[in-house]
Amino acid sequence: MGKLLSFAIPCYNSAEYMEHCINTVLAGGDEVEVIIVDDGSTKDNTYEIAKRYEKEYPDIVKAVHQENGGHGEAVNTGLKHATGRFFKVVDSDDWVDGKSYKRMLATLRSFEEGSEPDMVIANYVYEKVGAKRKKVIHYENVFPVEQMFTWDDINIGDFKVDQYILMHTVVYRTQLLKDCGLELPKHTFYVDNIFVFEPLPYVKNMYYVNTNFYRYFIGREDQSVNESVMISRIDQQLSVNKRMIDSFLSENPQNINCRKYMINYLRIMMEVSSIFLIVSGTKEHLAKKKALWQYAKDKDEVLYKKLRHSLLGWSVNIPTSAGRWISKQGYKIANNIIGFN
């Protein structure tokens, strides 16, 4: 592979922030490749912008147009075109921090070919509209800093509720993603959860760089994590939940810490779906919440008990309208603390 790091930039919304995103990753120069995937946008001149960058930086930028397939298919397309040793997804309205970027490249460069970690983790920052204080998600209490480690070297109980590995935090070894056959579903939002979940049983060696690399822009009204938008797209979230349950059971991860982590992540995903169904409050959505938990129970009784008989599982399954009110208040408190939408 010729390049050190491949960036996939899915462009499926407005091009308003796109050029800023591209400019931040271009700072990596010839060591990186930037794969700009235009997902059939008809709103603006996204593809023309991508082609302009490709013409200006022919050894770095690839402009790829695809018929509308959604975020997941854009990531799939980026991975198919990737030639770098490492692979990173940056959404077109997010960006990377310049100083941290140099540090990340130096770290990736330091690994000998054939001895790279399967996953490199860095911090991310909530760039939330209107927020006076920027929240940083970091992991020095969980992962050894600046050294190679495995699942056996961490304590899963050290993860806080806002510290899980997200698409923002992770850089994968490219060949690992190709070897495990990762392919995200088309026309589906929230597939970033699959991206940071399904490859985990294949991840053996990891490395944590304690730097605020990724800037996660949040607060647009049309953003997929906006509460009303999430409720309107809840069927896609439920589809992702079910696929994650299925993949966990089919992969059956053998490392005990990897297994614990994946179950904890599933708990969070089940709670997220459940709480938005509760917030909506319609009979249809409450029935879908019940059906989601029944799906887990029907698939595997042991997994269901681990998900259900936990604080998170209990908190979204308190019976009666009073119980649902308690669930809503817990969600509001958590959102005020974490600010996740």
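How many bridges join strand β8 to β10, and do the two strands run parallel or antiparallel? Two bridges join them, and the strands run antiparallel, where strands are DSSP runs of E with at least two residues, helices are runs of H or I with at least four, and both are numbered from the N terminus. Two strands are said to pair if DSSP finds at least two bridges between them.

Before I go on, a word on the basis of all this. This is a predicted model, in which local features need pLDDT of at least 70 and side-chain atom pairs count only at pLDDT 80 or more, while totals for chains, interfaces and linings use all residues. Residues are numbered from 1 along each chain as its sequence is written, and side-chain values use heavy atoms, with hydrogens and water left out.

Let me stay with β10, which spans residues 206–218. Of its 13 residues, 11 are buried, so the strand is largely enclosed by the rest of the structure; buried here means under 20% relative accessible area, exposed means over 50%, and partly exposed lies in between, with a 1.4 Å probe and protein chains only. Strand β6 is joined to β10 by 10 bridges and runs parallel to it, with N123 opposite N212 in β10. Strand β5, residues 95–96, pairs with β10 in the antiparallel sense over two bridges, and there W95 stands opposite R215.

R215 is linked with D97, E127 and K134 in a network of salt bridges.

E33 and K62 meet in a salt bridge at 3.4 Å, N to O. Since E33 lies in strand β2 (residues 32–39) and K62 in strand β3 (residues 61–66), the pair ties together parts that are 29 residues apart in sequence. E33 is buried, with a relative accessible area of 3%, while K62, at 26%, counts as partly exposed. The side chains of D162 and K135 also form a salt bridge, at 3.2 Å, N to O. D162 sits in the loop between β8 (148–149) and β9 (170–173), and K135 in the loop between β6 (119–128) and β7 (136–137), so this pair ties together parts that are 27 residues apart in sequence. D162 is buried at 18% relative accessibility, and K135 is buried at 17%.

Next, strand β4, residues 86–89. F86 and K88 point one way from the strand and F87 and V89 the other way, and all are buried. In a regular strand the side chains alternate between the two faces of the sheet. Strand β1 (residues 5–11) pairs with β4 in the parallel sense over four bridges, with F7 opposite K88. β4 and β9 run antiparallel and are joined by two bridges, and F86 stands opposite R173 in β9.

Finally, the helices. Helix α8 (residues 234–251) and α10 pack at an angle of about 10°, with their axes 10 Å apart, where axes are lines fitted to C-alpha atoms, for helices over the stretch in contact, and angles run from 0 to 180 degrees between N-to-C directions. The two helices are therefore roughly parallel to each other, given that angles under 35 degrees count as roughly parallel, over 145 as roughly antiparallel, 65 to 115 as roughly perpendicular and the rest as oblique.

Helix α10 (residues 283–299) also packs against α11, at an angle of about 140° and with the axes 5 Å apart, which makes α10 oblique to α11. In α11 (residues 301–308) we find L303, which is buried at 3% relative accessibility. L303 touches I245, F248, L249, I263 and L266, leaving aside residues up to four places away in sequence, and contact means heavy atoms within 4.5 Å. L303 and I263 are 40 residues apart in sequence, yet 7.9 Å apart in space, C-alpha to C-alpha.

Technical notes
Salt bridge = Lys/Arg side-chain N within 4 Å of Asp/Glu carboxyl O.
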